[in-house]
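Colleague: I have this chain open on my screen and would like to talk through a few of its residues with you. Shall we begin?

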Amino acid sequence: MRITRTGGGHGRRAAALTTTVLTASALLLTGCSSDDSSSDAKDSNGNITLTVADFGQFGYKEAGLFAQYHKLHPNITVKENTTANEQDYYPKLLQQLNTSSGLSDVQGIEVGRIKEVVDTQAAKFADLSKTINVSDWVSWKEKQATASDGSVIGAGTDIGPMSLCYRSDLFKAAGLPSDRDSVAKAVAGGWEDYLKLGEKFKAKAPKGTYFMDSASAMYNAVVGSSAEQYYDASGKAIYKNSPAVQQGWNLAAEAASKKLTEGLPQFTDAWTAALRKGTVATVACPAWMAGQISTNAGDAYKGKWDIARAPGTSAANWGGSFLAVPKSGKNVKAATDLVKWLTSPAQQAAVFKAIGVFPSNKGAYDLASVKNATLPYFNNAPIGQIYADEAKAIPEAVLGAKDGTIKDTISTQINNMEQRGTKPAKAWKAATDSIDKVIG
Amino acid sequence: MATTTPTRGAPTPPPGGVGAVSKEPSVWRTRLWRLDDKASPYAYIAPFFLIFGAFGLYPMLYTGWIAMHRVEMTSLSQSEWVGWDNFAKILQDSEFWTAVTNTFVIGVISTVPQLLMALGLAHLLNYKLRASTFWRTVILTPYATSVATAALVFALVFRADGGLLNWVLHFVGIGNTDWGNGEWSSKFAISAIVIWRWTGYNTLIYLAAMQAVPTDLYEAASIDGATRWQQFRKVTIPSLRPTILFTIVISTIGSMQLFGEPLLLQGGTLGSTGGSEHQYETLSIYLFNYGWKLGHLGPAAAVAWAMLVLLLLIALINLIVGRVLRKSAA
């Protein structure tokens, strides 16, 4: 290693150094690509393996739907590949679409991303309007996945009508009314009432418990009740002056300054740990959140959680996904059939029963299993009724290309206000700087 | 290369009656030999340069091309010439400068203790030890661990909630640090991972250099009555100077590329933005976030080139420092 003693002078050393530097920086740029090649090909017996890539909790495994599909079509086996966090899933999907490699036969797409996918990637997905009946869905759902040429690139899975999940035992301990009707009544005036309830809770709450998990969750719930959120109908980003964003932001800042929240970014380890330890009293609860809570909180809190109507009178939607079929797949036909089956009323109802994710296919609402559904984990809350009422009143939201990222960026800054005590003005500037970069 | 041929480099055959006939092929042969002599080294090293061209130079130039264009992750096939706009964009971005600062701070607080510890350990290993091969292997084990594994294990150690370190610290009453969230604590956490992984590697480099130091120097020193510590300072360190310079260069390049450790410390979205307030965002993370999370490849490529320029600057400073040191030593 005594490189100076071997002679050759400065020239060679400098050259060696430069080469090292060049190689090193080249490596930097070529790194971080992983390839999940999947075996889609039909084997000699005509058997097909279909792959489904999704994120979070779609509930198909929990409802046993893939096994059931295999029973109905013995030559088809479905394999699911789930990414826990959608923010990790989506960039990877874009990369795979760009290179047309590593894609699964069916890909899940979150509602915050659907506009960007429809605008920029529609040509890479099969048109599902020929196989599914678009009018079966709630009026606004399939519109979101319709491209300018009329092709529909995604079949709606669920929607996220909002409710309020709360711990009735903690409410009781803090001297608050704990049955779901009284809770709904206490917050009927809107999210301001919810914060007032939080202050009452905080005054007498058991030690180590917090009124809400994160202010960003409440922010999302507030924004979700408006038709106009981050973009206007012409596709212009208006988040800086959007009344919905302002209202949500101010409420979040208030919650943070009054220390009503535990300040945990949702879906992080710390967040799941808090649910497991039972330190959180309320969670703004789109239908799919119920499954997250019951999975993470575990049996110890079964029956102690309950579900009430969300604060306020205007209905909100948060989240909801689509299933899309990339054209480059080897089994487009089989994958399209699978998507049609998975998003049919009976299957959406089965998923709803299994994890509480609410159907977007109207046909499912008339099924007894949805209409009369209760969730044992949540003290037998009549979720079918709560969510169906809410779902009817959800406004048709204007979507924008970067909705998902804008939402995430603002959520991060709300977390900073809660956790690090960042002043609202500074946090807002950081958020807008960051979002300008996103829209770029 | 063939070395046994006596004709190589030999003068042309002696003149004679048959010379006119045999001259033609022998000139050819000489030319061939000369060609072999000159060209074959290039043929031998060609594979490296071909591979370097394909996987090093081409991506780099292509990155330069992207840095001058507007290229989006959502539509890779479309690009639009923007000139130096992307560079202007990142230079005006406060997050870029945060990343530069973080990269240097983390680089310093991980490289300095790391090299000092490596020097000490190498000195210890240089003594006559029982089972010395065993110790040398042990010391290299962390280096053999993958970044991802190491970072994930340390992420558990540094976790705010139920982390190993907090559990230990809790017995002295200070177990509430949210390591990944703090301005400094997060940087220390990352440098701890780096130090753990690379100390052994540098130790072995130092050890190799130490073993090349002639033993008579030490003998002479001990006859003169020098203590172990004096021997270390007056004999070992000066002999190791070029090696130390080399490890500094390597470590600097390494810390410039710091990526896996900060990405995985908190993981998820926080990892990809280097913490909620970018408190431990390095340049690589900034690049990754700009290109792969936000999908703007132009500015991301500009960051890559900015990193190259920074590295060249550092290399230049190293070169100058090295030259000055050698002059002062002489």
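Predicted model: local features only at pLDDT ≥ 70, side-chain atom pairs only at ≥ 80, totals over all residues.

Colleague: Is A:Trp249 buried or exposed, and at what relative accessibility?
Modeller: A:Trp249 is found in helix H9, residues 243–257 of chain A. The cut-off for buried is under 20% relative accessible area. A:Trp249 therefore counts as buried, at 6%.

Colleague: Thanks! What is the relative accessible area of A:Ala126?
Modeller: A:Ala126 sits in the loop between helix H4 (111–121) and strand S4 (155–156) of chain A. Not counting residues up to four places away in sequence, A:Ala126 touches A:Val152, A:Ile153, A:Val325, A:Lys327 and A:Val332. A:Ala126 is buried, and its relative accessible area is 9%.

Colleague: How many disulfides are there over all chains, and which residues are joined?
Modeller: A search of the whole structure finds one disulfide. A:Cys165 lies in strand S6 (residues 162–167) and A:Cys285 in strand S8 (residues 280–286), so the pair ties together parts of chain A that are 120 residues apart in sequence. Both A:Cys165 and A:Cys285 are buried. With S to S at 1.9 Å, the joined residues are A:Cys165 and A:Cys285.

Colleague: What is the angle about the S-S bond in the link of A:Cys165 and A:Cys285?
Modeller: This one is quick, as the handedness goes with the angle. The link of A:Cys165 and A:Cys285 is left-handed, at -75°.

Colleague: How many of the ten residues of helix H15 are buried?
Modeller: In H15 of chain A, the buried residues are A:Ile383, A:Gly384, A:Ile386, A:Tyr387, A:Ala388, A:Glu390 and A:Ala391. Helix H15 (residues 383–392) is therefore largely enclosed by the rest of the structure, and its buried count is seven.

Colleague: What is the phi of A:Lys259?
Modeller: A:Lys259 is in the loop between H9 and helix H10 (269–277) of chain A, and at 58% relative accessibility A:Lys259 counts as exposed. Most residues other than glycine have a negative phi. A:Lys259 is not a glycine, yet its phi is positive, near 55°.

Terms used
Residues numbered from 1 in each chain as written. Chains lettered and ligands numbered in written order. Heavy atoms only, no water. Helix = DSSP H or I, 4+ residues; strand = E, 2+ residues; numbered from the N terminus. Buried < 20%, exposed > 50% of the residue type's maximum accessible area, 1.4 Å probe, protein only. Contact = heavy atoms within 4.5 Å. Disulfide = S-S within 2.5 Å.
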